[in-house]
Structures are given as structure tokens and as C-alpha cells.
Amino acid sequence: MIKDITLGQFFPGNTYMHKLDPRVKLVICFAFIIVLFVTEGIIPYALAALFIVLGVKVSKTNPKMLLKSLKPIMFLVLFTSILNIFYVEGEVLVSFWILSITKEGLLTAFYMTSRIVMLVCATSLLMYTTSPIALTDALEHLLAPLNKIKFPVHEFSMMMTIAMRFIPTLIEETDKIMAAQKARGADFESGNIFARAKALIPILVPLFVSSFRRADELATAMECRLYQGGTGRTRLNVLKLTKNDYVFMVFCTIFFVIMIIASVVGI
């Protein structure tokens, strides 16, 4: 399961999607999620799935990696689907004991499951095609107006950069600790839920120790380089919108408007 967590991973490339401005990708991803949650219907969701497929094709992302990113949330997806199928009132299709499957429940389960899956796929595509540094630079640019109300935009962006940068590192470290504990005879897969939770203690303790040590080393390194926050700092790569960015924004806007119209019409 640890190896299936792909959050924070970036796969370098030279595709059209990789070359887009990270601010554009961040805004489009956010807009896609909003449209996904305000629309309902077979056609809007088919268009949303097509949007994901086009993104995979253009970015040349391995579909297996996208499917891999869904594994950690499969329990949540199944749990949400079951709750909606059996506990949404409406036209009863099948009834047994105290449980009833309704037409409205099936539709709600389909919509919720589709939303969760496509939300994860969209955010995964964003992470796969955008480096953590570029992503946090984009976030800092977009949140720049908040500086007027004394919101620590740079510090917040730096925190996001560090967090995303170390997620793959901590996952790799967890995998190594689990392998070492298994070599010593630890068992993480048998027993009830309480036994499995207790078996995780030999993993969590060294992982926390390692994390605190890394944080201390990082703080020392930043102090040695006289890091003083965002005041007066410049960037190696200045973000600039290109023709491709504008074309992409226009295409996505038209795509999202069609989804909304299809949902309003009730297709």
C-alpha cells in the first residue's frame, strides 16, 4: 500500500502539459473540481472523463500510474457508494430485510464515486506534470493579493514546498523501515485491527525520529544560508504566460461551459 501512494511525485517531461504555466494548471484544476461538483448527468460526467483522458494523452502519463493513485482511496470510494446505495430514499428497485436499493441511491452513488475518482485523477495529473517548486511558486503568485492583509503568503508557500518535497522521501523511508522490521520477524498483515495497529508502533517511532532529525537538519541548513523569508528575494525562473497557456485556458473554459450547459439542460 505504501508504494501505491504517489502524492507529491513529479515525473519530468517535455510535453505540452509539462510546459504550461503552473498558475494556469492550478487554476484549471481548481475550476475542474468546482464544475465537477456543481454538475450532474451522464453527458457532463462523460465529458469530465474525456477531459481526464485527454490530459493523460497530452501529458503522456502512464495510465497505470493514474490507476495506482486510486488504490489508497478505494476503501473510501466503496464505503461512500454503499452508504448512498442503501440509505438514499426514492423509488425502490430491490428490497431485502431492512435494506433497500433505490434508483436515486444508485444515481447518487454513481455521481459521488465519479466525482471522487476524477478529482483524484485531476490532482494527480497536476502533481505528475508540475514540479513542487513550480507549483508553490504558482500558489505564491495567486495568493499575492493576500499580502495586503498581512497574510504570510511566502511562508505558507515555502511550507507547502517543503511538505510536498518530503512526502516521497518519507514514503520511501517508511517502506525501508517496514522491510527492515519484516526481516526481524514483524508481522503487519495478520491479526485483528487492534493487533495491526499495535504492530505499526515499531514503524512510527523510528519514522518520527527520522522526520524530526530531517527537519532539524533542514532548519540548520536554511539558517546557514541566511534565509530571511521572502523579502527582497528573486526567482531563477520567472513565470510568464505564453500563447499555449491562453489557448489551453480558452479550450478548458469552453469545455467547462459545455459541461454546465449539459447539466442545466438535464442531459
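Predicted model: local features only at pLDDT ≥ 70, side-chain atom pairs only at ≥ 80, totals over all residues.
## Helix 2 and helix 3

Two packed helices are described by the angle between their axes and the distance between the axes. Helix 2 covers residues 22-38, and helix 3 covers residues 42-59. The axes of these two helices come within 11 Å and cross at roughly 160 degrees. Because angles over 145 degrees count as roughly antiparallel, helix 2 and helix 3 are roughly antiparallel to each other. Their crossing is left-handed.

On the side of helix 2, the contact involves Ile28, Phe32 and Leu36. These residues meet Tyr45, Ala48, Phe51 and Ile52 of helix 3. The contact of helix 2 with helix 3 is made up of seven nonpolar residues, with no polar and no charged ones.

## Helix 8 and helix 10

Helix 8 spans residues 153-183, and helix 10 spans residues 201-224. They pack at an angle of about 145 degrees, and their axes are 10 Å apart. The crossing of helix 8 with helix 10 is right-handed.

Helix 8 contributes Ile162, Phe166, Thr169, Leu170, Glu173, Thr174, Ile177, Met178 and Gln181 to the contact. Their partners in helix 10 are Pro202, Ile203, Pro206, Leu207, Ser210, Ser211, Arg214 and Leu218. The residues of this contact comprise ten nonpolar, five polar and two charged. Glu173 in helix 8 and Arg214 in helix 10 are among the residues listed.

Although Lys60 is not a glycine, it has a positive phi of about 55 degrees. The relative accessibility of Lys60 is 69%. Since exposed means over 50%, Lys60 counts as exposed.

Asn62 is also found in the loop between helix 3 and helix 4. With a relative accessible area of 40%, Asn62 is partly exposed. In sequence, Asn62 and Lys19 are 43 residues apart. In space, the C-alpha atoms of Asn62 and Lys19 are 18 Å apart.

## The loop between helix 7 and helix 8

Lys150 is placed in the loop that joins helix 7, residues 132-142, to helix 8. The phi of Lys150 is positive, at about 65 degrees, although this residue is not a glycine. Lys150 has a relative accessibility of 74% and therefore counts as exposed.

Technical notes. Residues numbered from 1 in each chain as written. Heavy atoms only, no water. Helix = DSSP H or I, 4+ residues; strand = E, 2+ residues; numbered from the N terminus. Buried < 20%, exposed > 50% of the residue type's maximum accessible area, 1.4 Å probe, protein only. Axes fitted to C-alpha atoms, helices over the stretch in contact; angles between N-to-C directions. Parallel < 35°, antiparallel > 145°, perpendicular 65-115°, else oblique. Left-handed = near helix turned anticlockwise from the far one by under 90°. Contact = heavy atoms within 4.5 Å. Nonpolar A, V, L, I, M, F, W, Y, C, P; charged D, E, K, R; others polar.
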